[in-house]
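Here's a quick briefing to read next to the model. Have the sequence and the 3D view open as you go.

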Amino acid sequence: MPLLDVKDLRVWFHTRDGIVRAVDGVSFSLERGETLGVVGESGCGKSVTFYSMLGLLPMPPAKIESGTAMFKDVDLLTAGGAALRAIRGRHISMVFQDPMTALNPYMRIGKQVMEPLLAHGLCNRNEARRRAAAMLEAAGIQDAQERMNAYPHAFSGGMRQRAVIAMALVSQPDILIADEPTTALDVTVQAQILALMAKLRDELGMAMALITHDLGVIAGVCDRVMVMYAGRILEEAPTALLFRRPRHPYTRALLEALPGIQEAGKSLRAIPGLPPEQGAPERGCPFAPRCDVALPECADAVCPLMSLDELAHRTACIREHRAAGVGGGVRS
Ligand SMILES: Nc1ncnc2c1ncn2[C@@H]1O[C@H](COP(=O)(O)OP(=O)(O)OP(=O)(O)O)[C@@H](O)[C@H]1O
Ligand SMILES: [Mg+2]
């Protein structure tokens, strides 16, 4: 049984300007110890997918229209505030893009890293202090004992993110959700933080969901990748397979837009057009208007995410479905 099993998740925003289908029929799972990359352009629903499960969205305007998100035997979508608070920061932790939003500027670093242990009653103060120092040390903060007395402003951006990671991991969660954890950092620090997260993931045996708009970040760290676009998953595959043989035109376009990946002599290609502002369309493939190989029927065909082979390569492209001889119900 997967550690996290999400089925048919729909999260829509009911705004004055109409409905935004931010997440529209998303199904995926996360196994123990596995790292799942979640990639896609800005606004495609990556954050909303995970925030909805942890009760971090304003409702209204957000509404969960359908779905289940089973963590062990709890459905996170219906669990309610108290149950979610017991899970959040204890069994499922988050690291956000900007460390300053996760840190309280007026509270000493050490106290903040101890907080999850004390809030969830996992140990007494002395033990919490000891564990927090050890976790900060493991996260690459030298002289952690002393540094625990510092306030966040005395830390560099990279050190703050290390502290936030220590805070997220001190309770030894089953799942770490990292939402663009390195976007605010410069490139060398980015690489260090990613390596640190991978190392701690292995040491603690936890599962990780790494949300990013950068496929380059995915390559070194993730076992599996899911590609989101306009509130849907368009492709999902083991990382090496996705890079070697992308099976959705959107994934191919993302790869062609990635510096250093395309064939020598081929220039970087931007994807023309913009994702739809209202999220997923009511009918058809959301990428069809920007797709250079779209078939006439892509505009209104049913394009479910389907498995192409035993390697768990899933795509929502009906061209690929046809080529692999899977699926029915496709109008031609
Ligand atoms: N409070 C809100 N009210 C209305 N729409 C919202 C709200 N929060 C998010 N959305 C919409 O939901 C969609 C998905 O947003 P989400 O934050 O999940 O994107 P994302 O993939 O995480 O993008 P980014 O890479 O920029 O973080 C977007 O179209 C966004 O405008
Ligand atoms: Mg986001």
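This is a predicted model: local features need pLDDT of at least 70, side-chain atom pairs count only at pLDDT 80 or more; totals for chains, interfaces and linings use all residues.

Residues are numbered from 1 along each chain as its sequence is written, while chains are lettered from A and ligands numbered from 1 in the order in which they are written.

**Strand pairing**
- Helices (H or I, at least four residues) and strands (E, at least two) are DSSP runs, numbered from the N terminus.
- Two strands pair if DSSP finds at least two bridges between them.
- β1 and β2 run antiparallel with nine bridges, and a hairpin of two residues links them.
- Within that pairing, leucine 9 has valine 26 of β2 as its bridge partner.

**Around ligand 1**
- The shell holds 16 residues, and the closest are Ala22, Ser42, Lys46, Ser47 and Val48; to be near, a residue needs its C-beta atom, placed from the backbone, within 6 Å of the molecule.
- β1 (4-15), β2 and α1 (46-53) are the elements that give two or more residues to this shell.
- α1 gives the most, with three residues.
- By type, the shell has seven nonpolar, eight polar and one charged. Nonpolar means Ala, Val, Leu, Ile, Met, Phe, Trp, Tyr, Cys and Pro, charged means Asp, Glu, Lys and Arg, and the others, Gly among them, are polar.

**Serine 29**
- Serine 29 sits in β2 (residues 18-30).
- Serine 29 counts as partly exposed because it has 15 C-beta neighbours inside 10 Å; buried takes 20 or more other C-beta atoms within 10 Å, exposed 12 or fewer, and partly exposed is in between, with C-beta atoms placed from the backbone.
- Beyond its neighbours within four places in sequence, serine 29 is in contact with Pro2, Leu4, Asp5 and Val6, where contact means C-beta atoms, placed from the backbone, within 7 Å.

**Helix α11 and alanine 301**
- Pro249, Tyr250, Thr251, Ala253 and Leu254 are buried in α11.
- The cover over those buried residues includes α9 (215-221), β9 (224-229), β10 (232-238) and α10 (239-244).
- Alanine 301 lies in the loop between α11 (249-256) and β11 (306-307).
- With 18 C-beta neighbours inside 10 Å, alanine 301 is partly exposed.
- C-alpha to C-alpha, alanine 301 and arginine 16 are 29 Å apart, and 285 residues apart in sequence.

Methods: Two residues are in contact if their C-beta atoms, placed from the backbone, lie within 7 Å.
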